[in-house]
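The following exercises concern a structure shown below, each with a worked solution.

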Amino acid sequence: MPQKPFRLGVDVGGTFTDFLVVDAEGRAKLHKTPTTPDDPSIGLLKGLEELAADFGLGAGEFAQAIATIVHGMTVATNAVLTRKGARTGLITTYGFRDVLQMRRGYRPERYNNRYQHPAPLVRRRLRRTVRERLDPTGRELEPVDRQDALAAIEFLKTEGVESIAVCFMHSHAGSGHEEEVAALVTERLPEAYLTVSSKLLPQPRIYDRVSTTVINAYVGPVVARYLRSLTRRLEQLGFRGNLLVMQSNGGVAGAAATIEAAASTLLSGPAAAPVAASALTLEHGWKDIVTMDMGGTSFDTALVRDRTPLVTTDGQIDGLPVALSMLDIHTVGAGGGSIAWVDAGGMLRVGPQSAGAKPGPVCYGLGGAEPTCTDADLVLGYLDPDYFLGGRMKLDVRGAREAIKTAIADPLGISVEKAALGIFDVINVNMAEAIREVSVKRGFDPREFPLVVAGGAGPIHCAAIALELGISSIFVPRMSSVLCAAGMVLSDFRHDYVRGHRSLLGDSEAEALLARFQEMRAEGSRQLAAEGIAEALVSDIWSMDLRYPGQHHEVNVEIGEDDVSDPAAIVARFHRRHEQLYGYSAAEMPVEVLTLRLTCIGETRKPELRQRQIAQGGEPAARKGSRPIYLHAAGGFVAVDVCDGDRLGPGSRLAGPLLAESQTMTVVVPPGFALACDAMGNFLLSSSNANGP
Amino acid sequence: MAHDSRIDPLLVPVLQRKFKSITEEMALTLLRTTRSPILAEARDFVTGIYDAEGEALEQSDYNPIMGFSLQPSLATVIEYFGDDIAPGDVIFHNDVFGRGNQLNDIGIIRPVFLGDRLIGWAGCKGHQADIGGSISGGYDPRVREVWHEGLRFTPIKVYERGVLRRDLWNFIAANVRLDMVMQDLKAGIGAAAVGERRFVETAKRYGLEVFQAHSRELLDATERSMRSEISRIPEGLYEAESWVMYDGAREGVRTKIKVAVVVDGEEITFDFTGTGAQTPGYVNAPASAAAAATMIGLLMHVNADLPRNAGMARPVHMIFPEGSILNPRFPAATAMGNHLANQILHAVFQALAKACPERATAGWCWTLVDITIATHPATGRKFVDFDFFANKGGSGGTRGADGCDHLGSAMTAGGISGQDPEMYEIQTPNRILMQEYWKDSAGAGQWRGGYGTHSIYRIGGRDASIVTFGAQVSDEERPFGLFGGRPGTLNRIVHTFPDGRLSEPRAHDILLGADGVTVEHWAAGGGGCGDPSLRPAEKVREEVLDELLSVEKAERDYGVEIDPVSLELRGRQKAG
């Protein structure tokens, strides 16, 4: 046995902390332990001890045997959501004190006079201004007023800030002024956590940049404290391996890099799902997939294109823009807890209100009174009242029926079953349209993408959603319930670099462009070297944000190193991508460059996840009974086979309708779909109704 | 409830969600393909799909004033072309004497066919950066007739059976100033095509008969919801008025906007009888613009979480007397019509405040905008820029909530984004020197008004002129306070020439020779709601700490005494 055989993914969720341990032979072990929200590292360490016991090892022995821990954490996200980040000051350009709070002057709910914007992370008093000014090309119009800067720093010091953000107008075109003030901050307030916008995100659009810079400043000290304390405790336990942190961009980074750009962990957990989905479906030859994750209150969807999850720089948290590269995960308020109601016009609606986990659906018997999607799933027979969470929780069918009858069926003058079906249909169309909108927005046709499913409720709804979208292949991973932890052990290092560079394509000297890309590449190599990655394992992706002059949105176009000296090739690619996204291109127009981007990838050693041991016995043994479920095609209840999902193995192939039930999920296989298992024991549903990939 | 046995009540919400997704997809297409900042950044447009009779099935009201303006255009299109409609046609319409709302707002409409049967319409309408006429940008206080204002599409077919009419296209291009407009019109045609395609897919999927029956039921259900909302408003007659001051043509003349809101069971009527006569200038609202404004006012006073279709308008009636400023006779100029939404809304707000005090809002900021028309020194090309970023005033306070700061004029209801300052400087040669909250601008109240803004920017273009248009520069127009709240502040613009001379434009004005002028623009703070002495002293002090509120105003309006040096709370008196 090698000295450090274990690789560990740890995903801290709202309720549970999920673990996936892979040993040197690729054997995987799943584990869950309750999350300890006040200090997530307590739950994490407890989970380690429990796992150690499982392996028959002492906690220290186990810790010493771990080569790598990849950690998905919610520390930054929670700090923003609960407004418990660091006391932060902002130093910005004179005349622009309020950009952060002014937002774009837009009210999402136009007719709601009570609408209130989310509170800014830095109140006005702690936003101080300095006379200085650059023009959009980075030319100095007014030098930094040192007196202003010193006064601002002195004031923030008196106010006891722990963290300082510096963001000046047009610092995307020149970082000199910010650096000058940053040096003063370091000198006068060396203990403060410092975030400089031109270092974090040198790209134009000050509102997005100041918002991102401030978020980083706000969460930085909290993330730093957490990671330092976690590192110390792991070391005390005997851990001598590598602690990596899952990043919003779908890659991993070391603790030191994470502490510097703390805002890059805002999607730390969810970002692992598309990564896992992409890795687990590799053996099926799928390059393009769409993922869905249906939880209790929200529904997340993301696209993977050519094995790479799509990335956005238009992200948000709690209504605050984050312009760092992060996986393009689209969230809508639809989940098992979504509440169904009938509006004054007699129309059935589902959501956006949710019963959440508490009181939860009526059938949980925890005090919920309003019918939810989960209640409908139960009434339709898709959930077994006696086998929810493997039988650990009994579901109240009568309560669910009664609630649906009172709130939906009676007002509409229809049966309880019909009303439940209505709830099921409406939430499915909500989720399907969300998938369609996110794909169409990116210029893709969802029908071409197999659907990969995560989350407890997903496997019940996925076939209906796929039918709605015309998707014919569905993949339900066996480790669906710990998918993010799985993604973590399968991720590479990933660092994103960006440079503002405004010019007409072709006008810029190729050498100048090349130099900027090489500068980013060198920065990437240095970073990865510091994280212990050999240069041979480093690769990179180059791209440019381009647009027609006068447009207000850019299109990101990937380029090769050789293209830098061949602008015509880039232009052609831009026209094509524009055509694909928006249905037209304008060959006669020049093309403007706004931003250069480079992603540096450091390949990690990934475990070969091996075929799990499947109970032998084949399909007849897997059949454990039958129960009536509502089938659209039949227009009523039909008794279908219920199989034990844990006993289905490679080679199994069953025609729907049927249910595949395991401890953590129920897969609904409607007529017209066939259920199969791959070599890893993951479920594949394929439809004979549509033409798929 | 649906009584028709062929109706599946559960298919109705499914269709509704699909319709919403269609108009959203059209809007996304438009948002990302247009170039004019008014469309791409300010989102001044609407997209919609309609049934064969022209009733809205769904619309995306990014800018609410546009929200209800496409259906009237479509009615004119249907009337005009009758059966002479074929697959692949694309129709433009903007005529303000044919139910249009403003010449710059061009409706782009495509018929939707299933085989050879017309089953509906898909379209969009957005504010185009130019439509010919006497001046770039479309706001010229000197105009007196519609012909001064630009091209009228009464309507016209730009594509016939999928073939572009190049003669017409070139004719339009020859009559507008900016190439960008033609590109933006193309983007609009593309957005309508997206709507058409998905409309057909959806109708095919469910079968035409089922599709149509359920679309009708969707509109009926929405109508029932709106009726139920209206029936919650106490029956009665609620009257109020507001004033249109300088009309660009006559000094010292003011025109009354008068509304009588009659709530009768499930129906509501907005009767503007008693409103003053049309003006000789361009300060007149076509009835469809006035109707859109009135609808915004109503929606703010009911639960507006309703599908956006024609059903919601059925129990709502409006009367705009012919020859009045809200329904002028041919050939009046009307470019300011959409902006009269501000005055209309203030009348409607004050009338409905008596009927629905829980949702009522105090007065808002109104439109006052400078347009820069100049040549960009770097490109040598002419550009037109609306300084919407500087017209970001506050909304009014409401029981339970302060007004929003830096939101914009009432007519936008917060639906228009301001330009990002860096992008503004990248796109135009103008330089922004300041854009911050305007201290002490919010009307005091238990729930204060939203703070207005104070912006300073310098014109960087050559051969520059500045067109000013808008209102709310005199006391009669001040954002009113509600239920004991104090009024807000007024809009104001001051121009400073390079030699130090100052001039203050009227609400409608043109400044030629504006090279190097510095524009200082104050956008109004909203009115407050409720007795200011009931606002918690700590909340008042917080705003003093944030330098939004002066120690003097805290004491004068709120009776909160704060030590000017230590900023500690000293005490509270009943406000005087």
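**Exercise 1.** Determine which residues of α1(B) meet which residues of α8(B), and how the two helices are oriented.

Step 1. B:Leu11, B:Val12, B:Leu15 and B:Gln16 of α1(B) meet B:His214, B:Ser215, B:Glu217, B:Leu218 and B:Ala221 of α8(B). Contact means that the C-beta atoms of two residues, placed from the backbone, lie within 7 Å. Helices (H or I, at least four residues) and strands (E, at least two) are DSSP runs, numbered from the N terminus.

Step 2. The contact residues divide into five nonpolar, three polar and one charged. Here Ala, Val, Leu, Ile, Met, Phe, Trp, Tyr, Cys and Pro count as nonpolar, Asp, Glu, Lys and Arg as charged, and the others, Gly among them, as polar.

Step 3. The model is predicted: local features need pLDDT of at least 70, side-chain atom pairs count only at pLDDT 80 or more, and totals for chains, interfaces and linings use all residues. Residues are numbered from 1 along each chain as its sequence is written, while chains are lettered from A and ligands numbered from 1 in the order in which they are written.

Step 4. The axis of α1(B), residues 11-33, comes within 9 Å of that of α8(B), and the two cross at roughly 90°. Axes are lines fitted to C-alpha atoms, for helices over the stretch in contact, and angles run from 0 to 180 degrees between N-to-C directions. The two helices are therefore roughly perpendicular to each other (65 to 115 degrees; under 35 is roughly parallel, over 145 roughly antiparallel, the rest oblique).

**Exercise 2.** Describe how α7(B) meets α8(B).

Step 1. The axes of α7 (residues 179-206) and α8 (residues 208-231) of chain B come within 6 Å and cross at roughly 110°. This makes α7(B) roughly perpendicular to α8(B).

Step 2. B:Thr202, B:Ala203 and B:Tyr206 of α7(B) form the contact with B:Leu208, B:Val210 and B:Phe211 of α8(B). Of these residues, five are nonpolar, one is polar and none is charged.

**Exercise 3.** Is B:Met226 buried or exposed, and what does it contact?

Step 1. B:Met226 lies in helix α8 of chain B.

Step 2. B:Met226 is buried because 27 other C-beta atoms lie within 10 Å (buried requires 20 or more, exposed 12 or fewer, partly exposed in between, with C-beta atoms placed from the backbone).

Step 3. Apart from neighbours within four places in sequence, B:Met226 contacts B:Leu306, B:Gly311, B:Met312 and B:Pro315. Its C-alpha atom is separated by 9.0 Å from that of B:Glu267, 41 residues apart along the chain.

**Exercise 4.** State the strand order of the seven-stranded open sheet of chain B and identify its edges.

Step 1. The order is β2-β1-β5-β4-β3-β6-β7, with antiparallel pairing; a pair needs at least two DSSP bridges between the strands.

Step 2. β2 (56-61) and β7 (163-164) of chain B stand at the edges; each has a single partner strand, so one side of each is left without a neighbour in the sheet.

Step 3. Within the sheet, three bridges join β3 (residues 90-93) of chain B to the antiparallel β6 (residues 156-160) of chain B. B:Val90 stands opposite B:Tyr159 in β6(B).

**Exercise 5.** Identify what chain A contributes to its contact with chain B.

Step 1. Chain A gives 57 residues and chain B gives 63 residues.

Step 2. The largest share of chain A's side, 11 residues, comes from α13(A).

Step 3. By class, chain A's side has 22 nonpolar, 17 polar and 18 charged residues.
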